[in-house]
Amino acid sequence: MHLLPRTLCLTLAVFLVLGAGYGAEATAQDLDDVEHDVEAETDTLDEGDWGFDLRAALTGSQAAYREVPGRENSLSVTGRIDGTAVRDTENWLQSHRLRLRLGAVQQGDDAFRKAEDRIDLRSALQFRGDEGFFRLFRPTIAGRLLTQFAADFERDEFPEELDTGEEEPELPVKVRSFFSPAELTQTIGLTYDGGDGFTQRLGFASRQNIEAIPRFRPLRDVSPGSLARVEFGAESETTIRQDLAENVALESQLNIFLAGSRVENPDLFWETSVFMEVTRLITVDVDLILEYDQSEVDALQVRQALSLGLSFTLI
């Protein structure tokens, strides 16, 4: 794992170079022609009005077998909600984004198990100057909340941190729940808008790693008498949004948090999604998430999902 921080830094460097090249045509002379994706969504709104977008999707798969060796019946269902709220004024851009995911899978005679579970809420407030430095680099205050809905269970091995020696460990054992854990991050910095869907934010950050259930705090490096482990450091957020083809869109967002107390092990959360609209109601989504947080799991976690389902525009 000693090579992992170097790998993360190299990955970030490549991502930034590609993104910077992608938006290199946005120079200071043609800044008036640069449009941020979020701002473009507010073009039809009067100045100061709110713009809302809320979509829900339900995806699933089912397979049934009879007298087929080596095959088991399976069923999976996932619900998704994506929402944005944007308010654009003369010098201020306020944006809020919500992503909710909850899914379950059942195979053979086993009970349903959770397959996907995420609550991701992000907010940002940007100041845009009329000209000069603060038109290109926008002062930004941002925040993010990351947690989950339902409980997770360890079914294979009892965590050493939960073994008190007072009773015989039993499996499965609950290791996660709502706000157990949760990450709350606040950032103050500058956002560079390179145009063509590329933005880069750098800033000073504070993160609270919250553990609401006291007996789980040893799992998150949280002191027994504390609700959260507080860290200070720097945060980077790199975003690329692009239409690949008609009704096909790509969005990739890389977040890196570098805590001052452990600069050799930065936290990484890299989410890439491709959205394909087959019809007005049928969509295909491909999601890839790479996550590294040494306090959680000392390994690079990879989650990939391909889903076909029904999508509804609520607002």
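Visitor: Quick one to start: is Glu 231 buried or exposed?

Guide: Buried, because its relative accessible area is 4%. Buried means under 20% relative accessible area, exposed means over 50%, and partly exposed is in between, using a 1.4 Å probe and protein chains only. Bear in mind that this is a predicted model, where local features need pLDDT of at least 70 and side-chain atom pairs count only at pLDDT 80 or more, while totals for chains, interfaces and linings use all residues. Residues are numbered from 1 along each chain as its sequence is written, and side-chain values use heavy atoms, with hydrogens and water left out.

Visitor: Got it. What does Glu 231 form a salt bridge with?

Guide: Arg 262, with the closest N and O atoms 2.8 Å apart. Glu 231 lies in strand 10 (residues 228-245) and Arg 262 in the loop between strand 11 and strand 12 (267-277), so the pair ties together parts that are 31 residues apart in sequence. Arg 262 counts as buried because its relative accessibility is 11%. A salt bridge here is a side-chain nitrogen of Lys or Arg within 4 Å of a carboxyl oxygen of Asp or Glu.

Visitor: And why would such side chains pair at all?

Guide: Side chains of opposite charge can pair when their charged atoms come close.

Visitor: How many salt bridges does the structure hold?

Guide: There are 28 salt bridges. One of them joins Glu 251 and Arg 97, whose closest N and O atoms are 2.6 Å apart. Glu 251 lies in strand 11 (residues 248-259) and Arg 97 in strand 3 (residues 92-107), so this pair ties together parts that are 154 residues apart in sequence. Both Glu 251 and Arg 97 are buried.

Visitor: What about Asp 120, which side chain does it meet?

Guide: Arg 118, in a salt bridge of 3.3 Å from N to O. Asp 120 and Arg 118 are buried as well.

Visitor: Let's zoom out. How many helices and strands are there?

Guide: The protein chain has 3 helices and 14 strands. Those are DSSP runs numbered from the N terminus: helices are H or I with at least four residues, strands are E with at least two. Of the chain's 315 residues, 41% count as buried.

Visitor: What share of the contacts links residues 24 or more positions apart?

Guide: Among contacts with a separation of 6 or more, 57% are between residues 24 or more positions apart. Contact means heavy atoms within 4.5 Å.

Visitor: Which residues make the nonpolar patch?

Guide: The patch covers about 950 Å² and includes Trp 50, Phe 52, Leu 310 and Phe 312. Patches are made of residues with over 30% relative accessible area and no salt bridge, joining like charges within 9 Å and nonpolar side chains (Val, Leu, Ile, Met, Phe, Trp, Tyr) within 5 Å. Strand 1 and strand 14 (297-313) each supply at least two residues, and strand 14 gives the most, with 3. Leu 310 sits in strand 14 and is partly exposed, at 42% relative accessible area.

Visitor: Which residues form the negative patch?

Guide: Glu 47, Glu 90, Asp 130 and Glu 131. Lys and Arg count as positive and Asp and Glu as negative, with His and the chain ends not counted. The place of a charge is taken as NZ of Lys, CZ of Arg, CG of Asp or CD of Glu. Glu 47 is in the loop between helix 2 (37-40) and strand 1 (50-63), and it counts as exposed because its relative accessibility is 60%.

Visitor: Now the backbone. Which peptide bond is cis?

Guide: The one from Ser 180 to Pro 181, with omega near 5°. Pro 181 is in the loop between strand 7 (173-176) and strand 8 (182-195). Phe 179 is in the loop between strand 7 and strand 8 too, and its phi is near 60°, a positive value in a residue other than glycine. Phe 179 is partly exposed, with a relative accessible area of 25%.

Visitor: And what's the phi of Asp 221?

Guide: Near 60°, again positive in a residue other than glycine. Asp 221 is in the loop between strand 9 (198-210) and strand 10, and counts as exposed at 51% relative accessibility.

Terms used
Accessible areas come from the Shrake-Rupley method with a 1.4 Å probe; for residues, only the protein chains shown count as cover.
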